[in-house]
Amino acid sequence: MFVAEEIIEKIKESNDIVDIISESVPLKRVGRNYWGLCPFHSEKTPSFSVTREKQLFKCFGCGEGGNVITFIMKTKNLDFNESLRILADKANITLEETAENKKSHDRLEIYYKMHVDAARFFFKNLSDHKDIREYFYRRGITDHTIRTFGLGYALNSWDSLLKYLKAMNYREDDIVKGGLATKNEKGKVYDRFRNRIIFPVFDVRGRVIAFGARVMDDSKPKYLNSPETPIYNKGTHLYGLNFARKNSKEKSLIIVEGYMDCISLSQAGVKNAVASLGTALTKIQARLLRRNSEEVYISYDADNAGQAATVRGLDILRAEGIDVKVILIPEGKDPDDYIRKEGLDKYLQLVNKALPLIDYKIQKAKEGLNIREDSGRIAYAKRVVGILNDLDPIEKDVYVQKVSEDTGISENALMSLMKGDEEGIRIMDTSSMKKTLHIESAHIKAERALLKILSKAPYLKDRIQLEDFILPSHRKIYRIITSYEGPKENITGYVESHCNDIETSKEWTITTELVEIPDIDVDILIDDFMKTINHYKGILTQKELMVEIRELEKQGRTQESLELAKKLIELQKTLGRY
């Protein structure tokens with residue numbers, strides 16, 4: 001069954017690995033990972049780790065590992081497509097049969113291409129209208145940033161884009177279905193975006209999937225966004241995430257409300273900024289944040305609406321197990337205003353002073369109360385109790401002490417207000433996990449590295465050949481990579497969809513997600529990895545020779561054993577040079 005790469009990615013994104021594995025394996029969170037007893041071998045002390053950020057599992061006892069699809073394949077003894085169907089059903093995603101799926105995939109490609117052509121049209125319009133570019137210049141946006149984000153302009157016309165796309169042989173129905181034109185009750189079709197500046201929206205792979213459009217005056221609506229289309233679902237993407245993944249070395253993400261907030265921060269040097277595309281933060285967006293960062297900062301506007309959105313966003317992020325902090329922008333400002341007027345250093349100071357989630361909520365609980373008065377302290381304590389009851393016992397202890405010191409109310413009095421305390425969650429003692437670990441051979445790591453290099457540069461197949469690999473799963477992956485003839489950016493999904501057995505799927509997941517290739521000359525790397533593999537092959541040959549020599553000696557075939565002994569000595573000299 002043919003399954004398009006974007007469908008596979010959607011299925012994986014819709015099935016959190018912690019949730020799926022928790023259905024069959026009890027997991028406890030320790031630090032950033034989740035631990036439990038491995039389902040693939042017998043053990044008494046947990047060595048099975050699940051990483052939510054990377055959506056991977058790994059057992060340090062037996063060496064098993066992979067992604068959510070691999071886990072289903074291995075635990076249920078199913079092939080790739082059967083496992084994919086189970087996960088698709090869980091996420092209410094329809095998997096069509098081969099011919100229809102292929103046709104659907106081809107239709108999606110038309111919409112992707114149409115959006116690229118529309119983006120180029122808007123960009124050229126902006127290039128041709130200096131007066132419109134002045135809008136960006138007044139807001140401090142440079143030509144370089146305009147090019148980077150592909151900013152554009154929709155002409156003050158009812159059908160300029162429509163005519164342009166139809167001239168490129170796109171069907172009118174597809175233009176409407178793609179959200180670039182609108183049909184009224186009388187059947188009249190016209191451009192959706194008119195006389196507005198344009199912000200192309202990209203998915204994580206850098207494909208244009210939608211547009212945001214803003215007026216340049218006070219007319220309403222201020223923003224107009226693409227509707228739901230075959231390639232765009234509101235609330236499932238983050239504006240600027242593709243740029244943050246590419247350009248930022250930070251392990252955190254800063255989420256803002258608007259396009260201009262994200263663009264201004266990026267231009268100023270805050271490369272890890274993303275925006276929530278004009279919608280209230282959703283669970284799917286929270287999962288995107290969790291998978292692409294170790295920590296999330298919320299930097300919403302300082303007005304009441306922005307603060308309310310911050311509180312809603314905090315709850316969603318916390319529910320997804322994300323470490324989150326709040327950047328407090330001075331009254332009446334948004335991130336765009338602040339960084340343009342105050343500069344990068346001042347903004348980074350706000351980032352460094354960002355409040356952890358609970359501290360922010362406790363600070364908000366004080367608003368409108370005079371805690372110098374008894375009535376204010378009592379009201380504050382009652383508000384805070386609702387916040388503290390959601391914490392684990394250790395956090396409760398810390399924050400009860402803080403609130404007590406802040407208000408003068410005794411810790412005992414605060415504890416008595418707290419209803420329904422549950423028994424303290426025991427924290428797993430990681431020291432108990434000191435046991436025999438599964439150490440993978442250097443040649444396995446070297447083979448994975450060669451596969452990753454080959455997937456990035458298929459032209460190297462003359463240097464990296466099938467015979468270089470020992471593991472059957474690696475040989476299979478090699479054949480899949482070298483058989484691929486499509487666009488370079490789609491090779492990862494192609495290989496994954498053809499790794500239809502458990503071992504191959506596991507090895508490809510580890511190769512793509514965990515193997516890191518040093519940024520040095522590729523020829524040096526290949527030579528180094530080849531030496532590691534050849535050394536292991538030499539050791540295998542050495543063992544075989546030793547077995548043969550012993551057999552010959554038992555049979556009294558002295559001369560033949562001496563000949564093999566000479567070969568063994570030469571081989572051992574060679575191994576000593578590695």
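Trainee: Why is Arg550 called partly exposed?

Mentor: The relative accessible area of Arg550 is 45%. Buried means under 20% relative accessible area, exposed means over 50%, and partly exposed lies in between, with a 1.4 Å probe and protein chains only. Arg550 is therefore partly exposed. The residue is found in helix H24 (residues 522-554), where helices (H or I, at least four residues) and strands (E, at least two) are DSSP runs numbered from the N terminus. The C-alpha atoms of Arg550 and Lys113 are separated by 67 Å, and these residues are 437 apart along the chain.

Trainee: On what basis are such values given?

Mentor: The model is predicted, so local features need pLDDT of at least 70 and side-chain atom pairs count only at pLDDT 80 or more, while totals for chains, interfaces and linings use all residues. Residues are numbered from 1 along each chain as its sequence is written, and side-chain values use heavy atoms, with hydrogens and water left out.

Trainee: What makes Gln55 buried or exposed?

Mentor: Gln55 has a relative accessible area of 9%, and therefore it is buried. Gln55 is located in the loop between strand S3 (48-51) and strand S4 (56-59). Its phi is positive, about 55°, although Gln55 is not a glycine. Most residues other than glycine have a negative phi, and most peptide bonds are trans.

Trainee: Which peptide bond is cis, and what is its omega?

Mentor: The bond from Lys220 to Pro221 is cis, with omega near -5°. Pro221 is placed in the loop between strand S10 (208-214) and strand S11 (223-225).

Trainee: Why are H1 and H22 called roughly perpendicular?

Mentor: The axes of helix H1 (residues 5-14) and helix H22 (residues 491-498) cross at roughly 75° and come within 9 Å. Axes are lines fitted to C-alpha atoms, for helices over the stretch in contact, and angles run from 0 to 180 degrees between N-to-C directions. Angles under 35 degrees count as roughly parallel, over 145 as roughly antiparallel, 65 to 115 as roughly perpendicular and the rest as oblique. H1 and H22 are therefore roughly perpendicular to each other. In H1, Glu5, Ile8, Glu9 and Lys12 meet Gly493, Glu496 and Ser497 of H22, where contact means heavy atoms within 4.5 Å. This contact of H1 with H22 has one nonpolar, two polar and four charged residues; Ala, Val, Leu, Ile, Met, Phe, Trp, Tyr, Cys and Pro count as nonpolar, Asp, Glu, Lys and Arg as charged, and the others, Gly among them, as polar.

Trainee: What makes H14 oblique to H15?

Mentor: The axes of helix H14 (residues 335-342) and helix H15 (residues 344-352) come within 6 Å and cross at roughly 130°. That angle makes H14 oblique to H15. Tyr338, Ile339 and Glu342 of H14 make the contact with Leu344, Lys346, Tyr347 and Leu350 of H15. By class, five of these residues are nonpolar, none polar and two charged.

Trainee: Which residues of H14 are buried, and what covers them?

Mentor: Pro335, Asp336, Asp337, Tyr338 and Ile339 are buried in H14. The cover includes strand S12 (252-256), helix H11 (259-268) and H15. Just after H14, Gly343 has a positive phi of about 95°.

Trainee: How many cavities of 30 Å³ or more are there?

Mentor: The count comes to two cavities of 30 Å³ or more. On a 1 Å grid over the protein atoms alone, a cavity is a set of points where a 1.4 Å probe fits but cannot get out, and lining residues have an atom within 4 Å of a point. Grid points are joined across faces, edges and corners, and a volume is the space filled by probe spheres set on the points. The largest cavity has a volume of about 40 Å³ and is lined by Glu13, Ile284, Arg287, Leu288 and Arg291. Helix H12 (residues 283-292) gives the most to this lining, with four residues.

How values were computed
1 Å grid on protein atoms, 1.4 Å probe; cavity = no way out; pocket = protein on both sides within 12 Å on 5 of 7 lines; lining within 4 Å.
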